Amino acid sequence: MLFRSGPPGAGKGTQAQQLAQGQGLLHLSTGDLLRAEVAAGTALGQEAAAVMARGELVSDGLVLAIVRSRLEQQAADRQQGDSGTSGWLLDGFPRNRAQAEALEALLAELGQPIELVVLMELDDDLLMQRLLGRGRADDNAEVIRHRLTVYRDQTAPLIAYYRERGLLASVDAQGSIEAIAARIQTLLG
Ligand code: B4P
C-alpha cells in the first residue's frame with residue numbers, strides 16, 4: 001500500500017500514523033526519518049537539515065537510499081517469518097516523478113505492488129493555519145509558501161501519474177481527525 005499525497009499540512013502524517021498502528025503496517029515517513037537523521041547529527045542529517053529548513057526537497061538519492069533500506073529490511077524479516085508488520089504505508093514519499101519511478105522499480109524487485117494512493121485535499125488557507133499552529137522549525141509562513149510551491153511543481157503531477165494507473169483515491173481532508181480517518185476507512189473497504 002502507498003499512502004501519500006496531498007500538500008504539506010493536509011494531515012498525511014497524522015492519518016498515516018493512526019492507520020499504520022491500527023492495521024499493523026510499517027509506517028515509513030521520509031520526513032520523520034530525515035528529522036531523526038538531523039537530530040542524530042549524522043552526515044546524512046547534516047546534508048538534509050539546510051534543505052529541509054528552506055522547504056525544498058532533499059536529494060532523491062538520499063531519500064531513496066533510506067526507503068530502499070527500510071523496505072528491503074522488512075522483506076527480509078518477512079521471509080524469515082519474524083516481521084512484526086504485515087505490509088507498509090509510505091508517508092511523504094514519493095514526492096516527484098523520479099522518486100515515483102524509482103519506487104516502481106524497487107517494488108517490482110521486491111514483488112510488492114502498490115494497492116492504493118490516497119490523495120488528501122485541503123485549501124491553502126487551512127493548510128497554512130494547521131502548519132503555523134504546529135510550529136515545527138520549517139513551519140513559518142515564508143517556508144510554508146515555498147513548500148506549497150514545491151508541492152505544486154514537483155509532487156502534484158504525481159496525481160495524474162497514479163490516476164492513470166488506476167491507483168488514486170481522493171479524500172476531503174477538512175474536518176476532525178476522526179472524521180477524516182473514517183473517510184479513509186471507507187476507501188479501504
Ligand atoms: P514532511 O515531514 O512529509 O511534512 P509535511 O508535508 O509538512 O506533512 P506532515 O505529514 O508532517 O503534516 P500533516 O499534514 O500530517 O516533510 C517535511 C520536509 O522533509 C519536506 O519539506 C522536505 O524537505 C523533506 N522531505 C520529506 N520527504 C521527502 C521526500 N520524499 N523527498 C525529498 N524531501 C523530503 O500535519 C500538519 C499539521 O496539521 C499537524 O500539526 C497536525 O496535527 C495538524 N492536523 C492534521 N490533521 C488535522 C485535522 N484534521 N484538523 C486540524 N489539524 C490537523
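Predicted model: local features only at pLDDT ≥ 70, side-chain atom pairs only at ≥ 80, totals over all residues.
Figure 1. Tyr 151, Arg 152, Asp 153, Gln 154 and Thr 155 of helix H7 meet Pro 157, Leu 158 and Ile 159 of helix H8. By type, the residues of this contact divide into four nonpolar, two polar and two charged. Two packed helices are described by the angle between their axes and the distance between the axes. Here, helix H7 spans residues 141-155 and helix H8 spans residues 157-164. Their axes come within 5 Å and cross at roughly 35°.

**Figure 2. Surroundings of the ligand.** The ligand is surrounded by 30 residues, and the closest are Gly 11, Thr 30, Arg 35, Glu 56 and Arg 147. A side-chain N or O atom of Arg 35 is 2.8 Å from an oxygen atom of the ligand. Backbone atoms also take part: an N or O atom in the backbone of Gly 13 lies 2.9 Å from a ligand oxygen atom, and a backbone N or O atom of Gly 175 lies 2.9 Å from a ligand nitrogen atom. On its own, the ligand has 1,000 Å² of accessible area, of which the protein covers 87%.

**Figure 3. The cis peptide bond between Phe 93 and Pro 94.** Most peptide bonds are trans. The bond that joins Phe 93 and Pro 94, however, is cis, with omega at about 0°. Pro 94 is found in the loop between strand S2 (87-91) and helix H5 (97-110).

**Figure 4. Ser 29 in strand S1.** Strand S1 comprises residues 25-29, and Ser 29 lies within it. Ser 29 has a relative accessible area of 7%, and therefore it is buried, the cut-off being under 20%. A polar atom of the Ser 29 side chain lies 3.0 Å from the backbone nitrogen of Asp 32.

**Figure 5. Val 67 and its contacts.** Val 67 lies in helix H4, which runs over residues 60-79. Val 67 counts as buried because its relative accessibility is 1%. Which residues are in contact with Val 67, leaving aside its neighbours within four places in sequence? They are Thr 30 and Phe 93. The C-alpha atoms of Val 67 and Leu 107 are 11 Å apart in space, while the two residues are 40 residues apart in sequence.

Key:
Residues numbered from 1 in each chain as written. Heavy atoms only, no water. Axes fitted to C-alpha atoms, helices over the stretch in contact; angles between N-to-C directions. Helix = DSSP H or I, 4+ residues; strand = E, 2+ residues; numbered from the N terminus. Contact = heavy atoms within 4.5 Å. Nonpolar A, V, L, I, M, F, W, Y, C, P; charged D, E, K, R; others polar. Near = heavy atom within 4 Å. Polar contact = N/O pair within 3.5 Å; in protein donor to acceptor, adjacent residues only side chain to side chain. Areas by Shrake-Rupley, 256 points an atom, 1.4 Å probe, with all protein chains shown as cover. Buried < 20%, exposed > 50% of the residue type's maximum accessible area, 1.4 Å probe, protein only.
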